[in-house]
Amino acid sequence: MFGLNYKLLKLEEEGNPVYAGVVGAGNQGRGMINQMAGMPGMRPAIISDIRLENAVSAYENAGLTREQFIVTNDLKEANEALKNGKFVVTEDFKLVAQAEGISTVVDATGVPEVGARLAVEAIENGKNIVMLNVETDVTIGSYLKILADKKGVVYTGSAGDEPGAVKEYYDFAKAMGFQVRVIGKGQNHKINRESTPDTVAKEAKSLGLAPKMLCSFKDGTKTMVEMTAMANSTGMTCDIRGAHGPSTDVDGLAGTFLSKEEGGILDRYGVVEYVNGVAPGVFAIIAHGNSEVNGEMRYLRMGDGPNYTLFRPFHLCSLETPLSVAMASIDKMATIAPLGKPVCEVITLAKRDLKAGEPLDYIGGYTVYGMIEEYDTAKRMNAVPIGLINKNTVAKKDIKKGEVITYDMLAMDENSYIYELRKLQDAVY
């Protein structure tokens, strides 16, 4: 991102800003829209949300008057408004992907099915796609990357989300010739696999979050999703199913993530992890084989080795997403994207005993949670990726609490678009 500020300022001075579209004006989307509206060289030109009032209030909070934007579901009318310098609010996410002059689309929905449809629509219309929707990425991101590459557009995750923030450290360390032994994130909430939207409702209200979003944090699924995105973009894997998730502070990271032979907890290096005690930060554990470099690291008070910790004590979530929009639009670069064949998967486990004929629900719901597992292992197990589970998915047999859910246990939603795309991805990998 070196020099990105100068590039954006130049675009502003030339009157040629990046015109972006945003789908999803909830908690994450509103912050991003307001951040983007205050940046030089960028315009959140069109916003879509199924609740129009969310998109309208996002613009109003960004300082726009009602005369500066229109509300429409008509593509021709939207294009005319954009051509005349107005902003657009719509209920139809396809308009965002189809509108003229929009270079990059952001998915801020967090819903796998919507993310799949939006990403393909954007790519087919020649637009870059920024996924502030890691749930979709870890389910079909490798296939979406193939589609984007064929179309000559950028498919990318978001800066500011933990995977994107970690990837910056990974790229930084690899560029300097360091070994990257572990990458990971702090866990904001103590994991309780039995969490439901009901058990977290009071806390969610106090935090201004949807109960199912907070539940996905509490039951650990969100952390598993984020670590899987880290793995698939770097080639690193998980040491064990679900990761170790130790408790330590920043000073203890380097010593905790040693190999077992060295007195640590790891069976191997080259893994993704999470830690209780360092939230909301992200980290990379690095090493070097040269004694002169190690001497310099000691002089710089990075520790005695063999491991050293790079730690960032914050990630600005959706507020950093506009940087990924700018990188994709200006430099045709991804912040974070799958390398090819997935390395890890988020498999589905039963949150409680499930009965044959019982419908399942979504991530952050009452019936299932996710855990990171190696992709090849998950495939041999026939494990179902959690991103494919929705309210139309039905148990075909009794499933015990904590059991890994496999395809033969479920009647999948045959009308699900992400399910169809996942079959295409599985055919490739």
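Accessible areas here come from the Shrake-Rupley method with a 1.4 Å probe, and for residues, only the protein chains shown count as cover. By that method the accessible surface of the protein chain comes to about 18000 Å², and 51% of it belongs to carbon and sulfur atoms.

Before going on, a note on the model. This is a predicted model, in which local features need pLDDT of at least 70 and side-chain atom pairs count only at pLDDT 80 or more, while totals for chains, interfaces and linings use all residues. Residues are numbered from 1 along each chain as its sequence is written, and side-chain values use heavy atoms, with hydrogens and water left out.

Now the overall picture. The protein chain has 16 helices and 15 strands; these are DSSP runs numbered from the N terminus, helices being H or I with at least four residues and strands E with at least two. Of the 429 residues, 55% are buried. Buried means under 20% relative accessible area, exposed means over 50%, and partly exposed is in between, with a 1.4 Å probe and protein chains only.

Next, the inside. A nonpolar core is a set of buried Ala, Val, Leu, Ile, Met, Phe, Trp, Tyr and Cys residues joined through side-chain atoms within 4.5 Å. The largest one has 77 residues, and Ile129, Ile183, Ile286, Ile405 and Leu410 touch the most other members. A second, separate core has 28 residues, including Met36, Tyr59, Phe69 and Val130.

Let us look at one residue, threonine 136. Is threonine 136 buried or exposed? Threonine 136 is buried, because its relative accessible area is 0%. Its place is in helix H7, residues 134–151. The side chain of threonine 136 makes a polar contact of 3.1 Å with the side chain of asparagine 133. A polar contact is a pair of N or O atoms within 3.5 Å; within protein, one must be able to donate a hydrogen and the other to accept it, and residues adjacent in sequence count only if both atoms are side-chain atoms. The side chain of threonine 136 also reaches the backbone oxygen of proline 112, at 3.2 Å.

Last, charges. Side chains of opposite charge can pair when their charged atoms come close. The structure holds 22 salt bridges, each a side-chain nitrogen of Lys or Arg within 4 Å of a carboxyl oxygen of Asp or Glu. One of them joins lysine 167 and aspartate 171 at 2.9 Å, N to O. Both residues lie in helix H8, four residues apart, about one turn of the helix. Lysine 167 is buried at 12%, whereas aspartate 171 counts as partly exposed at 35%.
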